[in-house]
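Biologist: Could you walk me through a sheet and a cavity in this model?
Modeller: Gladly, here it is.

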Amino acid sequence: MMLNCIIIEDEPLALERTKNYALKVPYLNLIHTFDNSLEAMGFIKSNQVDLLFLDIEMDELTGIDMLQVLKNPPEVIITTAYEKYALKGYELNITDYLLKPFSFERLLQASEKVFNKMKDKPKQQKEFLFVKTEYRIEKIPLSKVLYIEGMRDYRCIQTTSKKILTLQTFSELEAYLPIEKFCRVHKSYLVAIEQIAFVERNRIKIQDKRIPISNTYKSRFYKLIGFSK
């Protein structure tokens, strides 16, 4: 099971540290980072987010304020330099509370709590993807998607019957896709696991297309298909 997570942190160094830690955890799929909670709220409402790494003291809207406003928020791990918010955080049903500067081991421990909490929750299986095209919002059965290719400003969704172009980013598309069935394998490619014919020399064969696996995504891809690399 993979968990879609985002980081909300307005301190650049703290954001980079949390990001580097999260990328080390094999079941965390970091789909976005934010330096303010207002932007993050909009993203959460329109994307599948399982876990927030949330700073407290931010301009305009604090982390606590955001949790009080959000209906049905994702699982939350608070990351802050201040102990004074601990009680309020737990009143808002957070999973864990990390005091900066925290170690990778401490973040991993908190992530394990979320993973164990969510692994027994039944997840609704998605069967369709809705994407914005030039003139309409198109419904695409997930069973028909072969792969998604980046083409400058566009993402080209190759299905079994046609190509569909959208301006939606890879991050936006990944947030809607079941992460156990679709995997980013390159900065320019995302593939449907079920459509893979074979993998050879870090190349994925899907129908007549050979798709490269880059070093950035190699570890996660091979873990997803049940091999270590």
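Biologist: What should I know about the model and the numbering?
Modeller: This is a predicted model, in which local features need pLDDT of at least 70 and side-chain atom pairs count only at pLDDT 80 or more, while totals for chains, interfaces and linings use all residues. Residues are numbered from 1 along each chain as its sequence is written, and side-chain values use heavy atoms, with hydrogens and water left out.

Biologist: OK, how many strands form the open sheet, and in what order?
Modeller: The open sheet has 3 strands in the order S13-S14-S15, with antiparallel pairing. Strands here are DSSP runs (E, at least two residues), numbered from the N terminus, and two strands pair if DSSP finds at least two bridges between them.

Biologist: Which strands stand at the edges?
Modeller: Strand S13 (198-200) and strand S15 (209-212) do, and each has a single partner strand, so one side of each is left without a neighbour in the sheet. From one strand to the next the twist averages 30°, where axes are lines fitted to C-alpha atoms and angles run from 0 to 180 degrees between N-to-C directions.

Biologist: How many bridges join S13 to S14?
Modeller: There are 3 bridges between S13 and S14, the latter covering residues 203-206. Val199 stands opposite Ile204, and Phe198 has Lys205 as its bridge partner. These two strands form a hairpin with 2 residues between them, and Arg201 in the turn has a positive phi of about 55°.

Biologist: And what about S14 and S15?
Modeller: S14 is joined to S15 by 4 bridges, again running antiparallel, and Arg203 stands opposite Pro212 in S15. They too form a hairpin with 2 residues between them, where Gln207 in the turn has a positive phi of about 55°.

Biologist: Switching topic, how many cavities are there of 30 Å³ or more?
Modeller: A search of the whole structure finds 1, a cavity being a set of points on a 1 Å grid over the protein atoms alone where a 1.4 Å probe fits but cannot get out. The largest cavity holds about 50 Å³ of space, the volume being that filled by probe spheres set on the points, which are joined across faces, edges and corners.

Biologist: Which residues line the largest cavity?
Modeller: Among them are Asn29, Glu174, Phe182, Arg184 and Arg220, where lining residues have an atom within 4 Å of a point. Strand S11 (residues 182-186) gives the most to this lining, with 3 residues.

Key. 1 Å grid on protein atoms, 1.4 Å probe; cavity = no way out; pocket = protein on both sides within 12 Å on 5 of 7 lines; lining within 4 Å.
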